[in-house]
Amino acid sequence: MKSKVRFNLQGTARGKGDGTVSLSEALSRRGLGSTPVIGVMASLKEEPESPTQNPLDRFVRTDLDYVESVAEAGGEPVVIPPSVDLRIAKALLEGLDGLLLSGGPDLDPGYYGEAPIVELGMTIPEWDALEMALLRLALQRGMPIFGICRGMQVLNVALGGTLYQDMPSQLGVDVLDHRQASPKYEPTHEVEVLDDSYMAEIMDRQSVEVNSYHHQGIKVLANALTVTARSSDGVIEAVESCDFSNSWLMGVQWHPEGMGHTGPGHRNLFEAHVCAAERHSLRRAAA
Ligand code: MN
């Protein structure tokens, strides 16, 4: 499967006017190597026990599994702090070829026009604001975006969709337990991957064992997205772009960064994203 995904990476990119630009030509114009740069959204973590007595006791933090998954897939991970100002964030975005939206706390439901319900979990306003702003800019630029857990939900909302603020209370007792207590390398439920999806091609299977750490989920799907996997209770577990020729968008509700040893399909997701980012960088270089 690895070679199949890689094989889709064409050695040429269409030039703006006449003919094609060779891979090496495009890369030398850009003045960089062929490693696409993937921005990984980080979290803010409160550390009240901090020995440094930082007055805010908050630190930028991301799970190393995201960083390593991007690196193992051939990308160059760059961690984006969630509290820089938008001017700096825009400058950071200039240097990226792809964006990885990581898991995290709940998104403020105001972004999809709802008031919070009591079951809503913690939100981090700085993270929400910066991520939504960055995401909109990245979407405008046609940057390949891979959303994981919260990242898939944020992607759906940025494109006009909505979320269940809390699936257990809003969907009722028939919903599976999507909040496992076990480690993330242990799958706890299955998802069915829909035929004819790009995801089915990437993962090369119809049924995938996944981990699950979410109490929110997609309610109304954005028009630009299509569902590519569901769990047996009907919960949307993966989405992708309706139109890959315009934008490479993919979202999964599980944490593939913690399942690289469970099955090759999970690693293929990161590879496909990095390949798309490489194509995006070539198109930019040739423009
Ligand atoms: Mn789940």
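pLDDT is the predictor's confidence in each residue, from 0 to 100. Averaged over this chain, the pLDDT is 86, and 86% of the residues score at least 70. Two stretches fall below 50: residues 1-24, which have 36 contacts in the model beyond near neighbours in sequence, and residues 26-32, with twelve such contacts. A contact here means two residues whose C-beta atoms, placed from the backbone, lie within 7 Å. Where pLDDT is low, the predicted coordinates should not be read in detail.

Residues are numbered from 1 along each chain as its sequence is written.

Now for the overall picture. The chain has nine helices and 15 strands, taken as DSSP runs (helices H or I, at least four residues; strands E, at least two) and numbered from the N terminus. Of its 287 residues, 42% are buried; that label requires 20 or more other C-beta atoms within 10 Å of a residue's own, whereas exposed means 12 or fewer and partly exposed lies in between, with C-beta atoms placed from the backbone. Among contacts with a separation of 6 or more, 69% join residues 24 or more positions apart.

Finally, let's visit two loops. Most residues other than glycine have a negative phi. Asp196, in the loop between β10 (189-193) and α8 (198-203), has a positive phi near 65°. Asp196 counts as exposed because 9 other C-beta atoms lie within 10 Å. With 14 other C-beta atoms within 10 Å, Asp204 is partly exposed.

Methods: Predicted model: local features only at pLDDT ≥ 70, side-chain atom pairs only at ≥ 80, totals over all residues.
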